[in-house]
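Biologist: I have a model open and would like to go through its fold. Can we take it piece by piece?

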Amino acid sequence: MKLTSENVADVLREKLHQGEVNFVFKKADGSQRRALGTTNLDLVPQDLWPKDMTSVEESAEKQKDMGIVRFFDLEKGAWRSCKVENILEVCGEEVEE
């Protein structure tokens, strides 16, 4: 399956849920950032888990509506997010228009 602007958010969210993912996105200042992220809680330190797990599911739906992908940055050790339209590459595969 080709990575397109229409499916990139779903593909990235699924991969993040499965484990560690390398991806590239454009930051607000226009620079590119390589990230190593996950949403798999087995890979996130327990003290950094979301406080309320039911809000995680609600938050995920809200993020989809807002066009945001939230992830735990394994290099920075903190939760981060990026806009879907700014995702440039997932696992070495560039997003096609």
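This is a predicted model: local features need pLDDT of at least 70, side-chain atom pairs count only at pLDDT 80 or more; totals for chains, interfaces and linings use all residues.

Biologist: Fine. What is the strand order in the open sheet?

Modeller: The order is E4-E3-E2-E1-E5-E6, an open sheet of 6 strands with antiparallel pairing. Strand E4 (78-83) and strand E6 (93-94) are the edge strands, and each pairs on one side only.

Biologist: How many bridges join E3 to E4?

Modeller: There are 6 bridges between strand E3 (residues 68-73) and E4, and the two run antiparallel. Within that pairing, valine 69 has cysteine 82 in E4 as its bridge partner.

Biologist: And E2 with E3, how many bridges there?

Modeller: E2 and E3 are joined by 2 bridges, again in the antiparallel sense. Glycine 37 stands opposite aspartate 73 in E3.

Biologist: Now E1 and E2. How many residues sit between them in the hairpin?

Modeller: The hairpin has 5 residues between E1 and E2, and glycine 30 in the turn has a positive phi of about 95 degrees. The two strands pair over 6 bridges, antiparallel. Asparagine 22 has leucine 36 in E2 as its bridge partner.

Biologist: Is E2 mostly covered or mostly open?

Modeller: E2 is mostly covered, with 5 of its 7 residues buried.

Biologist: Switching to the helix. Which strands does H1 lie across?

Modeller: Helix H1 (residues 8-18) lies across strand E1 (21-26), strand E2 (32-38), E3 and strand E5 (87-90). Its angle to E3 is about 25 degrees.

Biologist: Which residues have the most contacts inside the largest nonpolar core?

Modeller: Those are Leu12, Phe23, Val69, Ile87 and Val90, in a core of 17 residues. H1, E1, E3 and E5 are the elements that give two or more residues to this core. H1 gives the most, with 5 residues.

Biologist: Take isoleucine 87 from that list. What is it in contact with?

Modeller: Beyond its neighbours within four places in sequence, isoleucine 87 is in contact with Val8, Leu12, Val24, Phe25, Val69, Cys82 and Val95.

Biologist: Last topic, asparagine 86. Where does it lie?

Modeller: Asparagine 86 lies in the loop between E4 and E5.

Biologist: Is asparagine 86 buried or exposed?

Modeller: Asparagine 86 is buried, because its relative accessible area is 15% and the cut-off for buried is under 20%.

Biologist: And what does asparagine 86 touch?

Modeller: Not counting residues up to four places away in sequence, asparagine 86 touches Val24, Phe25 and Lys26.

Notes: Residues are numbered from 1 along each chain as its sequence is written. Side-chain values use heavy atoms; hydrogens and water are left out. Two strands pair if DSSP finds at least two bridges between them. Helices (H or I, at least four residues) and strands (E, at least two) are DSSP runs, numbered from the N terminus. Contact means heavy atoms within 4.5 Å. Axes are lines fitted to C-alpha atoms, for helices over the stretch in contact, and angles run from 0 to 180 degrees between N-to-C directions. A nonpolar core is a set of buried Ala, Val, Leu, Ile, Met, Phe, Trp, Tyr and Cys residues joined through side-chain atoms within 4.5 Å. Buried means under 20% relative accessible area, exposed over 50%, partly exposed in between (1.4 Å probe, protein chains only).
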